[in-house]
Amino acid sequence: MPGKEDMHKLTPNPATRQLLEKMAGEGCETCFDRFEQQKPQCNFGLRGTCCRMCQWGPCRISDKNPTGICGKDQSSIIIGNLLRALVAGLSVHARHAHEIYLSIRAAAGGRACRPGG
Ligand code: SF4
């Protein structure tokens, strides 16, 4: 995975690069700082070969242990992790979209919208 310095060099957007440099100069922490603090990351997690779908896990897939306790292989675990992450992300964005819809509808009707209301 690229580190903080790589991200500053590789970002294609000059405005983003300027913003990152300004934040670094002012001591503002970013996700790239927190990424550096998390190193070294778990290689099973980076490869998507760690399964925590049930309480028997976590199961970590390697050449020595090619299947989880239930028999899931590497492909099943990786696609399961990807799909679960996608659905979780989609559900969060859908919730945000719903709140925006409620706010716009309330504003169009001349009413204020309370969170969750
Ligand atoms: S590989 Fe199977 S047993 Fe292991 S955590 Fe995943 S679902 Fe549970």
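1. Glutamine 38 counts as exposed in this predicted model, because 9 C-beta neighbours lie inside 10 Å and a residue with 12 or fewer is classed as exposed. Glutamine 38 belongs to the loop between H3 and H4.

2. Glutamine 41 is found in the loop between H3 and H4. It has 10 C-beta neighbours inside 10 Å and therefore counts as exposed. The C-alpha atoms of glutamine 41 and leucine 20 are separated by 23 Å, the two residues being 21 residues apart along the chain.

3. Proline 40 also deserves attention in this part of the chain; it is placed in the loop between helix H3 (31-37) and helix H4 (43-47). The peptide bond that leads from lysine 39 to proline 40 is cis, and its omega is near 0°. As background, most peptide bonds are trans. A reader examining the backbone may wish to locate this bond in the model, together with the one described next.

4. A cis peptide bond is also present between glycine 57 and proline 58, with omega about 5°. Proline 58 lies in the loop between strand E1 (50-51) and strand E2 (59-60). Both glycine 57 and proline 58 are among the residues that surround the ligand, which links this backbone feature to the following point.

5. Which residues surround the ligand? The shell consists of Cys51, Arg52, Met53, Cys54, Trp56, Gly57, Pro58, Cys59, Gly68, Ile69, Cys70 and Lys72. Sorted by class, this shell holds eight nonpolar residues, two polar residues and two charged residues. Since Cys counts as nonpolar and Gly as polar under the classification used, the cysteines of the shell belong to its nonpolar group and the glycines to its polar group.

6. The overall organisation may be stated briefly. The chain contains five helices and two strands, and in sequence order these follow the pattern α-α-α-α-β-β-α. The radius of gyration of the chain is 21 Å, well over the 13 Å that the globule rule gives for 117 residues, so the chain is more spread out than a compact globule. Along the principal axes, its C-alpha atoms fill a box of roughly 65 × 40 × 20 Å.

7. The chain is divided into domain 1, covering residues 1-41, and domain 2, covering residues 44-117. Taken over C-alpha atoms, the centres of domain 1 and domain 2 are separated by 25 Å. Of the 117 residues in the chain, 4% count as buried. Among contacts with a separation of 6 or more, 32% are accounted for by residues 24 or more positions apart.

8. Helix H2 spans residues 14-25, and its end C-alpha atoms are 16 Å apart; this agrees with the 16 Å that twelve residues should span at 1.5 Å a residue. How many of the twelve residues of H2 are buried? The number is zero, so H2 lies largely in the open. Glutamate 21 is placed in helix H2 and is exposed, with 11 other C-beta atoms within 10 Å. Glutamate 21 and leucine 102 are 81 residues apart in sequence, while their C-alpha atoms are 37 Å apart in space. Just after H2, glycine 27 takes a positive phi of about 75°.

9. Helix H5 has 35 residues, and the distance from its first C-alpha to its last is 51 Å, close to the 51 Å expected at 1.5 Å a residue. H5 is hardly covered, as one of its 35 residues is buried. Glycine 110 follows H5 and has a positive phi, near 75°. In general, most residues other than glycine have a negative phi.

10. Serine 76 lies in helix H5, which runs over residues 74-108. Is serine 76 buried, partly exposed or exposed? With 16 C-beta neighbours inside 10 Å, it counts as partly exposed, because the buried class needs 20 or more such neighbours and the exposed class 12 or fewer.

Terms used: Residues numbered from 1 in each chain as written. Predicted model: local features only at pLDDT ≥ 70, side-chain atom pairs only at ≥ 80, totals over all residues. Domains from an automatic or database assignment. Near = placed C-beta within 6 Å. Helix = DSSP H or I, 4+ residues; strand = E, 2+ residues; numbered from the N terminus. Rg over C-alpha atoms; globule rule 2.2 N^0.38 Å. Contact = placed C-beta atoms within 7 Å. Expected span 1.5 Å × (residues − 1).
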